[in-house]
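Here are my notes on the model you passed along. Have it open while you read.

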Amino acid sequence: MIIDIDDNSGFCNGVVGAITKAENELERSGSLYCLGDIVHNGEEVARLSNKGLKTIEHSDLKNLSGATVLLRAHGEPPTTYAMAKELDINIIDATCPVVLALQRKIKKAYEESNKEQQIVIYGKKGHAEVNGLVGQTDGTAIVLESADDLIKLDYSKDIILFSQTTKSIEGFNEIVTKIQAKLKGKVIFKYNDTICRQVANRIPKIINFVSKYDIVLFVCGNKSSNGKVLYEHCLQENPNTIRISNVDELDIEKLKGAKSIGICGATSTPKWQMEAVRDFILSKNKQ
């Protein structure tokens with residue numbers, strides 16, 4: 001049996017940076033708070049938890065005066081920084097540079113806009129990154145999860161469109177085309193393709209990878225938005241794609257008869273987890 005791990009799967013640079021900062025601080029002090037899951041992968045969160053990383057919610061900040069808190073790659077709204085300063089909380093800012101640049105663009109657009117302009121974000125409502133982006137506009141930005149949400153917009157007013165960094169290029173282009181078709185009069189429509197290419201470029205690569213195998217195992221945490229997108233593309237290319245969040249969910253019986261197995265994952269999936277799946281299959285084959 002051939003078992004291959006996709007070389008292009010695994011943590012993106014933003015996640016690598018956040019985990020590196022967390023591990024450095026844990027090595028130095030043995031304890032660290034993280035605002036929300038450092039990555040949408042339960043196995044990796046558990047690994048870092050065993051090293052001393054404590055995951056907290058925003059409501060916990062008021063009880064952490066003087067503590068050190070890591071802000072994950074997804075980014076945070078300005079209100080979080082203001083609260084941390086008020087409580088004398090030491091911030092380790094691990095916001096992804098791509099997300100940080102996007103936050104600045106949205107903040108600039110908001111500060112320069114008039115009340116008639118609509119700042120729109122194509123993204124998942126309630127997602128940590130999107131919350132941080134909406135925060136740059138004092139909560140006034142309109143979030144579109146899909147083309148179905150286009151009814152939220154007033155097409156007689158100017159529109160400035162941005163995108164969550166991990167959304168699909170195809171989805172963004174669909175939103176742009178449909179907005180353009182609905183514009184009225186001399187309305188100004190500006191759109192900014194702010195999708196991270198390191199993430200977006202994984203789609204053609206992962207499609208090419210999964211096409212080569214009898215069965216594909218897509219390893220991904222249940223909370224990963226990026227994982228849901230990549231998994232759907234894998235499934236479309238290879239219907240024999242099985243999604244699991246960890247090795248415990250793998251039904252070895254489903255692999256019987258397969259001559260080749262490909263293992264891949266999301267930008268929030270650590271390499272060690274994909275390797276654990278491979279090693280588990282190899283151990284069962286030896287029995």
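1. Ground rules first. This is a predicted model, where local features need pLDDT of at least 70, side-chain atom pairs count only at pLDDT 80 or more, and totals for chains, interfaces and linings use all residues. Residues are numbered from 1 along each chain as its sequence is written, and side-chain values use heavy atoms, with hydrogens and water left out.

2. Take the helix pair, α1 (residues 13-29) and α2 (residues 42-49): their axes come within 11 Å and cross at roughly 20°. Helices here are DSSP runs of H or I with at least four residues, strands are runs of E with at least two, and both are numbered from the N terminus. Axes are lines fitted to C-alpha atoms, for helices over the stretch in contact, with angles from 0 to 180 degrees between N-to-C directions. α1 and α2 are therefore roughly parallel to each other (under 35 degrees; over 145 is roughly antiparallel, 65 to 115 roughly perpendicular, the rest oblique).

3. What touches what between these two? On the α1 side Ile19, Glu23 and Leu26 meet Glu44, Arg47 and Leu48 of α2, contact being heavy atoms within 4.5 Å. By class, that contact between α1 and α2 has three nonpolar, no polar and three charged residues. Nonpolar covers Ala, Val, Leu, Ile, Met, Phe, Trp, Tyr, Cys and Pro; charged covers Asp, Glu, Lys and Arg; the others, Gly among them, are polar.

4. On to the rings. Rings of Phe, Tyr and Trp (its six-membered ring) pair if their centres lie within 6.5 Å; planes under 30 degrees apart are stacked, over 60 edge-to-face, the rest tilted. The count comes to three aromatic pairs. One of them is Phe189 with Tyr191, with centres 5.4 Å apart and planes at 40°, so the pair is tilted. Phe189 is buried at 14% relative accessibility, while Tyr191 is partly exposed at 43% (buried is under 20% relative accessible area, exposed over 50%, partly exposed in between, using a 1.4 Å probe and protein chains only).

5. Phe209 and Tyr213 also pair up: their ring centres are 4.9 Å apart and the planes sit at 45°, so this pair is tilted. Phe209 is buried at 7%, and Tyr213 is buried at 11%.

6. Finally, check the backbone at two aspartates. Asp88 has a positive phi of about 60° without being a glycine; Asp88 lies in the loop between α3 (78-86) and β5 (90-93) and is exposed at 58%. Asp138 has a positive phi of about 55°, and is not a glycine either. Asp138 sits in the loop between α5 (128-135) and β7 (142-144) and is exposed at 62%.
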